[in-house]
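Trainee: Before I use any of these structural terms, I would like to see each one set against its definition.
Mentor: Then let us take them in turn.

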Amino acid sequence: MVAATGSVTIEHAGAVVVQANVSSEPARTKTGDSVYLGDVVLTGADGRVGINFTDGSSFNLSSNARMVLDHYVYEPDGKSNATLFNLARGTFTFVAGSVAKTGDMKVDTPVATLGIRGTTPHIEISDDGSARFSTLIEEGNSKLLKKPPAVAAPEPDRSLNRRLNICRGC
C-alpha cells in the first residue's frame, strides 16, 4: 500500500487474533501496510487509498469503496500471471501493470467482469449495484481524437507531466 487518508480498513482473510481484550473492530489502515490474497479493502466516507502491486498495477479507491483481492499471481518472467479484483462499491481508478500485458487481469463488478489489457479504467459503482465505466486517456495520445501522423513520430517521454482525462464511451 502506498497512501491512505481518512477511514481505511483492510480485513485480512484468515487472520487470527492472539491478544486478549481486543476490540472486534478491525484496526485502521496506515500508509505502508500490506495487502494479501483474500483481503478486503474498505474506505469510509472520508477515506481514500492508493495501492501499488509488484507488477506495477496501481489502484486508487475513493470514499465508501469495497475491493477484494481474490487472485494475484505475478512472476516477472512467468507465463501464468493472473489477477482478479472484485469491486463491490465505490469509485476506482487504476493503471494496469505487467499482468495485464503478459497474463490475465480481470476486474469483477456487480454488472460485468472486465478483461484488462493495459488500459486505465475508471469505475463508479453505486450502492444500488449500478455501474458506470470510462477510460482515462493521456491527453493528445488518443487515436480516437486525432489522426495519426503520416510519418512515424518518435515516442514521447512519458516520464514527466502525464495528464490524464476521462474518456466516456471510448
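Strand pairing

Mentor: S7 and strand S8 (residues 104-108) pair in the parallel sense over 5 bridges.

Trainee: What kind of model is this, and how are the residues numbered?

Mentor: This is a predicted model, in which local features need pLDDT of at least 70, side-chain atom pairs count only at pLDDT 80 or more, and totals for chains, interfaces and linings use all residues. Residues are numbered from 1 along each chain as its sequence is written, and side-chain values use heavy atoms, with hydrogens and water left out.

Trainee: What makes a stretch of chain a strand or a helix?

Mentor: Both are DSSP runs, numbered from the N terminus: a helix is H or I with at least four residues, a strand is E with at least two. The chain has 1 helix and 12 strands. From the N terminus on, their order is β-β-β-β-β-β-β-α-β-β-β-β-β.

Trainee: Why are S7 and S8 called paired?

Mentor: Two strands pair if DSSP finds at least two bridges between them; S7 and S8 have 5 bridges, so they pair. One of these bridges has Ala82 with Asp104 of S8 as its partner.

Trainee: Which strands run antiparallel to S7 (residues 82-95)?

Mentor: Among them are S5 (residues 58-61), joined to S7 by 4 bridges, and S6 (residues 66-73), joined by 7 bridges. S10 (residues 121-125) is also antiparallel to S7, with 4 bridges. For partners, Phe59 is bridged to Phe94 in S7, Met67 to Leu87 in S7, and Phe92 to Ile123 in S10.

Trainee: Why is Thr120 called buried?

Mentor: Buried means under 20% relative accessible area, exposed over 50%, and partly exposed in between (1.4 Å probe, protein chains only). Thr120 has 11%, so it is buried. Thr120 is found in the loop between strand S9 (113-116) and S10. Leaving aside neighbours within four places in sequence, Thr120 is in contact (heavy atoms within 4.5 Å) with Phe94, Val95, Ser134, Thr135 and Leu136. Over the chain of 170 residues, buried residues make up 34%.

Trainee: What makes a set of residues a nonpolar core?

Mentor: The members must be buried Ala, Val, Leu, Ile, Met, Phe, Trp, Tyr or Cys residues joined through side-chain atoms within 4.5 Å. The largest such core has 25 residues, and Val41, Phe59, Leu61, Met67, Leu87 and Met105 have the most contacts inside it. Elements giving two or more residues to this core include strand S4 (48-52) and helix H1 (98-102). S7 gives the most, with 4 residues. Not counting residues up to four places away in sequence, the residues that Val41 touches include Val35, Val49, Leu61 and Met67.

Trainee: How do you know that Phe53 and Phe59 are edge-to-face?

Mentor: Rings of Phe, Tyr and Trp (its six-membered ring) pair if their centres lie within 6.5 Å; planes under 30 degrees apart count as stacked, over 60 as edge-to-face and the rest as tilted. The count by this rule is 5 aromatic pairs. For Phe53 and Phe59 the centres are 6.0 Å apart and the planes are at 80°, so this pair is edge-to-face. Both residues are buried. One aromatic cluster is formed by Phe53, Phe59, Tyr72, Phe85 and Phe94.

Trainee: What makes the contact of Lys106 with Asp104 a salt bridge?

Mentor: The rule asks for a side-chain nitrogen of Lys or Arg within 4 Å of a carboxyl oxygen of Asp or Glu. The closest N and O atoms of Lys106 and Asp104 are 3.6 Å apart, so the pair qualifies. The whole structure has 2 salt bridges.

Trainee: How do you know that Asp104 and Arg117 form a salt bridge?

Mentor: Their N to O distance is 3.9 Å, so this pair also meets the rule. Asp104 lies in strand S8 and Arg117 in the loop between S9 and S10, so the pair ties together parts that are 13 residues apart in sequence. Salt bridges that share partners join Asp104, Lys106 and Arg117 into one network.

Trainee: Which of these three residues are partly exposed, and which is exposed?

Mentor: Asp104 is partly exposed at 29% relative accessible area, and Lys106 is partly exposed at 34%. Arg117, at 52%, is exposed.
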